Structure formats: structure tokens, C-alpha cells
Amino acid sequence: MAKLYFRYGAMGCGKTMQLLQVAFNYEERGHQVCVIKPKTDTKNGDKLLTRIGPERETDFCFDKTVDLFEAVAKNYAGVACVLVDEAQFLTKDQADQLMMITIQLDIPVMAYGLRLNFRQEDGGFEGATRLLQIAHDIEEIKTICECGKKATCNCRFLNNKFVSKGPDVLIDDGTSKIEYRALCPACVEKYKREEN
Ligand SMILES: [Zn+2]
């Protein structure tokens with residue numbers, strides 16, 4: 001039976017790179033895949049970009065009202081795999097619809113995303129929370145903090161300053177520099193003390 005996979009990791013751990021690698025492996029062997037992502041990630045338009053170069057167009061981007069099961073059943077029922085980038089931005093229902101794709105269409109789904117928002121609080125990413133609850137197979141993609149330890153936290157820096165408060169999605173209007181860095185919990189605590 002097809003499975004729902006959730007691959008999570010902090011910013012810059014190479015999630016999109018892994019997704020593109022999986023797509024390449026399928027296609028190299030003559031299989032079609034369906035690559036999708038939520039529209040919330042506006043900075044790259046419809047494209048998936050990676051820091052180290054490779055990029056690719058999505059098959060479709062979707063907003064929170066789209067039924068992913070219906071969309072895949074209608075137009076992509078013959079694909080070998082569905083690949084979802086930025087899966088933290090799914091709604092709970094959309095995460096459940098990914099599960100239905102594996103059950104009813106027997107197509108494996110691999111979802112890639114952040115586990116937690118930059119405030120390190122629950123409730124920030126409905127899609128990630130739901131995928132952690134229901135996925136058949138959950139694995140962390142690891143990355144390194146600036147101190148050299150394992151990074152697990154996704155942190156926001158505004159004009160090079162650590163910030164622990166604010167909305168989940170900050171729209172880049174060009175007036176300030178918005179950055180996300182993967183940090184270990186010890187460094188997060190250190191930055192939090194300095195923040196106040
Ligand atoms: Zn650290």
C-alpha cells in the first residue's frame with residue numbers, strides 16, 4: 001500500500017533539494033510525478049528554488065480551499081508519486097486529503113516542510129502538526145547550527161536581529177531584510193536573552 005511520508009527539518013536543511021532529487025529519480029526511470037506547493041510561499045512564485053542551484057516548476061500551486069485529493073484524482077491519477085513542498089502551510093484537511101491519495105489512489109505522497117514556526121510554538125503550522133500526527137513514515141532532515149551543534153529550530157532574523165514574536169508568514173515588502181536561520185535550542189535561548 002502506498003504511504004504518506006513527512007520529511008521535516010529546519011530552514012536550509014535541504015528539503016526542497018531532496019524533493020527535487022526524488023522527482024529526478026522517478027523521472028529518470030520513466031515515471032511521472034506531480035510536484036505541488038501551497039501558494040502561501042509567495043517569494044518564488046510557482047517555482048521551487050534551492051540554495052545550491054537546481055530549480056523546477058510546480059505542476060500546480062494551491063490555496064487553502066483546494067481539495068488536494070480531488071485535484072490529484074482528476075488530473076494526476078497516473079503519476080508514480082505526489083511531492084509536496086512547504087507542507088507546513090497545508091490546512092489540516094489538506095493533510096488528510098494527502099492520506100486519502102495514498103489510500104484511494106494508491107499513490108505515495110512525500111511531503112516536505114518545517115516542523116514548527118519560528119516562535120517554536122504549537123499551532124503555527126496546521127499542516128505540519130497534522131502530518132506529524134498521521135503520516136505513515138516521519139523522518140528528520142538534519143542540519144547544523146552556527147555553533148556546530150544539531151539545529152532543530154527555525155528562527156527569524158529581521159535586519160540581522162533575532163525576533164521571537166510576529167506573524168507566521170512575514171511578507172517581504174522590500175523595506176527590511178527577513179531571514180530564517182536554523183539554530184540549536186541552546187543558541188535560541190542565548191538569542192532570546194539578548195533580545196530583551
Ligand atoms: Zn547552536
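User: Where does Asp-85 lie in this model?

Analyst: The model is predicted. Asp-85 lies in the loop between strand S6 (81-84) and helix H3 (92-104).

User: How do I read its charge? Which side chain of opposite charge is nearest to Asp-85?

Analyst: A salt bridge needs a side-chain nitrogen of Lys or Arg within 4 Å of a carboxyl oxygen of Asp or Glu. For Asp-85, the nearest side chain of opposite charge is Lys-37, 5.7 Å away. Asp-85 is buried yet has no salt bridge.

User: What polar contact does the side chain of Asp-85 make?

Analyst: The partner is the side chain of Thr-16, at 3.0 Å.

User: Which residues does Asp-85 touch, leaving out those up to four places away in sequence?

Analyst: Asp-85 touches Thr-16, Leu-19, Ile-36, Lys-37, Pro-38, Leu-48 and Tyr-112.

User: Is Glu-86 buried or exposed?

Analyst: Glu-86 has a relative accessible area of 18%, so it counts as buried.

User: What is phi of Asn-160, and where is this residue found?

Analyst: Phi of Asn-160 is also positive, near 70 degrees. Asn-160 is found in the loop between strand S11 (153-158) and strand S12 (161-163). With a relative accessible area of 48%, Asn-160 is partly exposed.

User: Now the metal. Which residues are the protein donors of the zinc ion?

Analyst: Cys-145, Cys-147, Cys-184 and Cys-187 each donate through SG. They lie 2.3 Å from the zinc ion.

User: How is the arrangement of the donor atoms read from their angles?

Analyst: Four donors count as tetrahedral if all angles lie between 85 and 135 degrees. Here the 4 donor atoms subtend angles of 105 to 116 degrees, so the arrangement is tetrahedral.

User: How are the donor residues spaced in sequence?

Analyst: The spacing is C-x1-C-x36-C-x2-C. Cys-147 lies in the loop between strand S9 (143-144) and strand S10 (150-151), and Cys-184 in the loop between strand S13 (178-183) and helix H5 (185-195). The pair therefore ties together parts that are 37 residues apart in sequence.

Conventions. Residues numbered from 1 in each chain as written. Predicted model: local features only at pLDDT ≥ 70, side-chain atom pairs only at ≥ 80, totals over all residues. Heavy atoms only, no water. Donors = N, O, S within 2.8 Å, 3.2 Å for Na, K, Ca; no water. Tetrahedral: all angles 85-135°; square planar, octahedral: opposite > 155°, others 65-115°. Helix = DSSP H or I, 4+ residues; strand = E, 2+ residues; numbered from the N terminus. Buried < 20%, exposed > 50% of the residue type's maximum accessible area, 1.4 Å probe, protein only. Lys, Arg positive; Asp, Glu negative; His and termini not counted. Polar contact = N/O pair within 3.5 Å; in protein donor to acceptor, adjacent residues only side chain to side chain. Contact = heavy atoms within 4.5 Å.
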